[in-house]
Amino acid sequence: MSMHWIKPDTKIPFVRIMKYTTGLVSITAILLAVLALVRHGGLIYGIDFKGGSNVELKFKQPVEIDAVRGGLDTVGLGKSEIKYFGDRQSVLLATEMSTTDVKGVEAEVRKALDGKFGAGAYEIQRVEMVGPKVGADLRAQAFWAVMVSLVLILGYITWRFEFKFALGAIVATTHDVVIALGLFTLLGKTFTLPVLAAILTIAGYSTNDTIVVFDRIRENLRRGARQTLGDTIDLSINETLSRTVLTALTVVIVLVALYVYGGEIIRDFAWVMLLGVLIGTYSSIFVASPIVLLWQGKGIRLRK
């Protein structure tokens with residue numbers, strides 16, 4: 001069975017429609033993402049980045065989240081996120097509660113839950129604390145991790161290709177990260193370490209997808225296959241389209257499986273990756289190449 005389920009002689013005029021997709025779709029999506037971030041006052045940081053405590057509880061009987069929340073509210077644990085952790089007997093509590101040590105957190109949780117469920121109705125299996133300073137340090141490290149990765153990508157693609165290709169890849173990657181974070185925030189989800197890992201993975205995936213297209217553009221430019229850069233970009237994207245779509249589809253299937261069966265710990269990672277792969281596939285076609293065209297000084301007007 002041939003892998004070219006998109007016909008090899010397909011001639012979709014990508015360059016002609018780029019001005020609509022890039023101008024309307026991308027700008028609209030970025031504006032929505034920025035508005036979502038502004039509305040929430042930035043990213044909604046989890047305990048990993050703002051400090052607090054994670055408490056893993058194991059109940060002897062299935063419990064309702066509302067019942068657990070009601071019990072915890074009696075002692076005022078502050079703003080807390082409570083969710084199942086695998087099954088309906090396992091509950092993960094993430095709270096901003098600040099005490100002097102792990103034993104203090106455990107004592108407050110027991111005080112809250114004993115009155116609601118009884119002392120023997122559950123076990124505290126794990127308590128982890130993150131101080132405010134550690135959270136601030138992690139935020140700074142996360143920012144620099146993303147910045148350094150973008151600079152390295154810029155340097156690597158400039159070395160492999162030319163600066164205009166590196167610029168296209170960086171704009172496309174930044175586009176993917178901003179939109180993914182904006183949509184994630186719009187849904188009211190919290191930014192945690194697994195989400196940061198997903199963002200860095202998106203940067204790598206998006207760059208790899210873009211390089212495949214750029215590599216084919218470079219090959220076709222050397223062959224002198226067409227007269228203009230716009231024609232060469234059209235030819236190259238059509239030639240790699242089957243590979244681009246199949247790769248994205250394969251990754252999406254894996255991520256959907258991870259989201260459904262991976263459990264709570266990996267669910268946010270899979271969700272952000274899913275957004276990133278879909279946006280990255282779009283940007284490798286409709287964002288990176290227009291930047292190369294614009295930098296070349298000829299622009300999309302060549303195809304009019």
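Trainee: Which residues lie nearest the centre of the largest pocket?
Mentor: This is a predicted model, and its largest pocket has a volume of about 570 Å³. The lining of that pocket is made up of 24 residues. Those nearest the centre are N54, E81, A94, T190 and T192.

Trainee: Which elements give two or more residues to the lining of the largest pocket?
Mentor: The lining counts 24 residues. Both helices and strands meet the condition of two or more residues. The elements are helix 2 (47-50), strand 2 (80-84), strand 3 (90-95), strand 4 (122-130) and helix 9 (264-286).

Trainee: What pattern does the protein chain follow along the sequence?
Mentor: The secondary structure consists of 10 helices and 4 strands. Taken in sequence order, these elements give α-α-β-α-β-β-α-β-α-α-α-α-α-α.

Trainee: Is D234 buried or exposed?
Mentor: D234 belongs to helix 8, which covers residues 229-261. Its relative accessible area is 7%, and the cut-off for burial is under 20%. D234 is therefore buried.

Trainee: What distance separates the C-alpha atoms of D234 and K11?
Mentor: Along the chain, D234 and K11 are 223 residues apart.

Trainee: What distance separates the C-alpha atoms of M129 and V63?
Mentor: M129 and V63 stand 66 residues apart along the chain. The separation of their C-alpha atoms is 24 Å.

Trainee: What share of the contacts with a separation of 6 or more comes from residues 24 or more positions apart?
Mentor: The count takes in contacts in the protein chain with a separation of 6 or more. Among these, the share from residues 24 or more positions apart is 76%.

Trainee: What percentage of the residues in the protein chain is buried?
Mentor: The protein chain has 304 residues, and its C-alpha atoms fill a box of roughly 80 × 45 × 30 Å along the principal axes. It exposes about 15,600 Å², with carbon and sulfur atoms supplying 63% of that area. The buried percentage of the residues is 43%.

Trainee: How far apart do the centres of the positive and negative side chains lie?
Mentor: The protein chain carries 33 positive and 26 negative side chains. The centres of these two sets are separated by 10 Å.

Note on methods: Residues are numbered from 1 along each chain as its sequence is written. This is a predicted model: local features need pLDDT of at least 70, side-chain atom pairs count only at pLDDT 80 or more; totals for chains, interfaces and linings use all residues. Side-chain values use heavy atoms; hydrogens and water are left out. Buried means under 20% relative accessible area, exposed over 50%, partly exposed in between (1.4 Å probe, protein chains only). Contact means heavy atoms within 4.5 Å. Accessible areas come from the Shrake-Rupley method with a 1.4 Å probe; for residues, only the protein chains shown count as cover. Lys and Arg count as positive and Asp and Glu as negative; His and the chain ends are not counted. The place of a charge is taken as NZ of Lys, CZ of Arg, CG of Asp or CD of Glu. On a 1 Å grid over the protein atoms alone, a cavity is a set of points where a 1.4 Å probe fits but cannot get out, and a pocket is an open set with protein on both sides within 12 Å along at least five of seven lines; lining residues have an atom within 4 Å of a point. Grid points are joined across faces, edges and corners, and a volume is the space filled by probe spheres set on the points.
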